[in-house]
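Please look over the sequence and the structure below; a short report on a few local features follows.

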Amino acid sequence: MTNSLNQNKRMIIFARRSLEEQNNEGLSYQIKMCERFAEEQGFDVVEVIKEEASAYNVSIENRSQLQKLLNRMMDEDVDGVVCWQKSRIVRSVEDAVLINGLMDKADCELLFADPTEPPMGNDEMEKLYTLISSWRDEAEVSKLRNRIKDHLRQRAKSGNYVGGSYTGYQWNTMTKKLEQIPGQIDAVKNMFHYYLYEGCSAEQIAHLLNQQGYKTKWGKQFYPSTVINILQNKIYCGYYRWGFQTSQRRGPAEEAEGYDQKVSWVVPIIDLEEWSKVQEIMVSRSGVKRGQKRQPKPSSTFLLSGKVYCGVCGTKMMAHNGTNQYTRKDGSKRKSEYLKYSCYSRAEHGVQKRVDAMKLDQEVLQCVTKELASMDENELLETSQLQINEKTNGLYSEQEAYKKRVEQCYGAIHNLLHNVEQTTDPEMVQMYEARIKEQRQEAADYEKREREVKQRLQQMAVTQNDIYHFYHLITQLKNYEVMSQEKKKLYIEELVEQVTVSGKDIHVSVKYNIREPNQFEKITHFNIDIPFRLSKK
């Protein structure tokens, strides 16, 4: 029945596309229901505004159709807005506060065609309820984001393109392929050639490309970091890597399950063997494995700085240097530099609190080299395998716990579905369906955790090849006397975990991490304790 009081009210219908793409929330359905509601109320619909672009992670300022609606309201051109549900126009508490304020200022009302949606009123209690419901909706949005990421991850797993911007390529929506951009792709080809066949550094390549007039995808000049990012990108040899990290609206990226596979929708400019060779050169030049934290280039002469601890009080011993000046019998003055590791604790020790740094560095390096060279390869493999067995037992228990929780969730879903069949009460059906939805999401979360544990279990295996790499490291370390101070420091960082000093008694803790070959994730480590005494001067 038409309401005669509303016959002169000019209203705008606003509809936004749902990311979930359900039939009853599509644009056409929303508009149809809003038009029916406006007709029943006797409103005069002056315009229908459709927001077809996704509003996911987009602020109000960047939603052009919503800005158009707000401008119409502020121009006092309409009396109100009709939309299907509140979530079609706002999704966060901040947006709800802003829309409320603008509605009050423009003297407009916001009405919902969905009969189950509570009104967005003007009194304080209704505003408070609106904010609380918006807060609840944010939790639903978070779940929706997770579903979207899972959907994209499944598409990537199937070898489909799900996004990414690359210098030299652009996505053609008609052919569904990454097509080469003339000029840009030539710059990338030159980049790989200079690095692989002419031995140029990233800094030299950036300088050459800028001299030749090449520009990046964004029309900027090349920098060494830009060159490194491109050289490390596997898309140029025809492999698509996606999803190893997921972004968050606020906060740092999270580690995730990603996919790395050969795809047919990109024409590579180099082959996989050449790309792998580039990565090997990059690793050899950096001195660390790709994926590991790059160690800063040492600027001091202390090899063990930050690793020396007092064996009496447990305090970290500080590295410091200085100069002693003294006068000889003949009256001449001499200076001598000293390097020390010192414990500054005030507690009584009974032994010297200082140790000669040069002497300690040298003898620790000698001792570690000698000890590692005497190790038996088979014994080392057996020891590492025992460490892995201890770790895998805990992971198996964790995996079983997740399996049990998944079974419990599916059992609960089965019971809820049975309850739905037994009742005719719409409210009970709605409650059961909401609970089923929660249980399915919970089961999916536990299944994901179970897969992650399974993947870790598959990676935890030490082979003879791992031991070979360790022995290769030891072989190189035997030549430490001719190594530079920087290279010695890198080996110390790789092998020595801690040095404990109690007077002349020294205890060295050696740790070597074994990492998964492709992702460089740590699988296990060798622990070796080496005691010795400092030699006399």
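How many residues has helix α9, and what span does α9 reach from its first C-alpha to its last? In this predicted model, where local features need pLDDT of at least 70, side-chain atom pairs count only at pLDDT 80 or more, and totals for chains, interfaces and linings use all residues, helix α9 (residues 357-373) has 17 residues and reaches 24 Å, close to the 24 Å expected at 1.5 Å a residue. Residues are numbered from 1 along each chain as its sequence is written, and side-chain values use heavy atoms, with hydrogens and water left out.

The buried residues of α9 (buried meaning under 20% relative accessible area, with a 1.4 Å probe and protein chains only) include Leu360, Val364, Cys367 and Leu372.

Histidine 349, in the loop between β13 (333-342) and β14 (354-356), is buried, with a relative accessible area of 12%. Leaving aside neighbours within four places in sequence, histidine 349 is in contact (heavy atoms within 4.5 Å) with Cys310, Val312, Cys313 and Cys343.

Two polar contacts (pairs of N or O atoms within 3.5 Å) are listed here.

| Atom of one residue | Atom of the other | Distance |
|---|---|---|
| Alanine 347, backbone oxygen | Histidine 349, side-chain polar atom | 2.7 Å |

The axes of helix α6 (residues 202-211) and helix α7 (residues 224-231) come within 8 Å and cross at roughly 105°, which makes α6 roughly perpendicular to α7 (65 to 115 degrees). Ala202, Glu203, Ile205 and Ala206 in α6 meet Pro224, Val227 and Ile228 in α7.

Note on methods: Helices (H or I, at least four residues) and strands (E, at least two) are DSSP runs, numbered from the N terminus. The expected span of a helix is 1.5 Å times one less than its number of residues. Buried means under 20% relative accessible area, exposed over 50%, partly exposed in between (1.4 Å probe, protein chains only). A polar contact is a pair of N or O atoms within 3.5 Å; within protein, one must be able to donate a hydrogen and the other to accept it, and residues adjacent in sequence count only if both atoms are side-chain atoms. Axes are lines fitted to C-alpha atoms, for helices over the stretch in contact, and angles run from 0 to 180 degrees between N-to-C directions. Angles under 35 degrees count as roughly parallel, over 145 as roughly antiparallel, 65 to 115 as roughly perpendicular and the rest as oblique.
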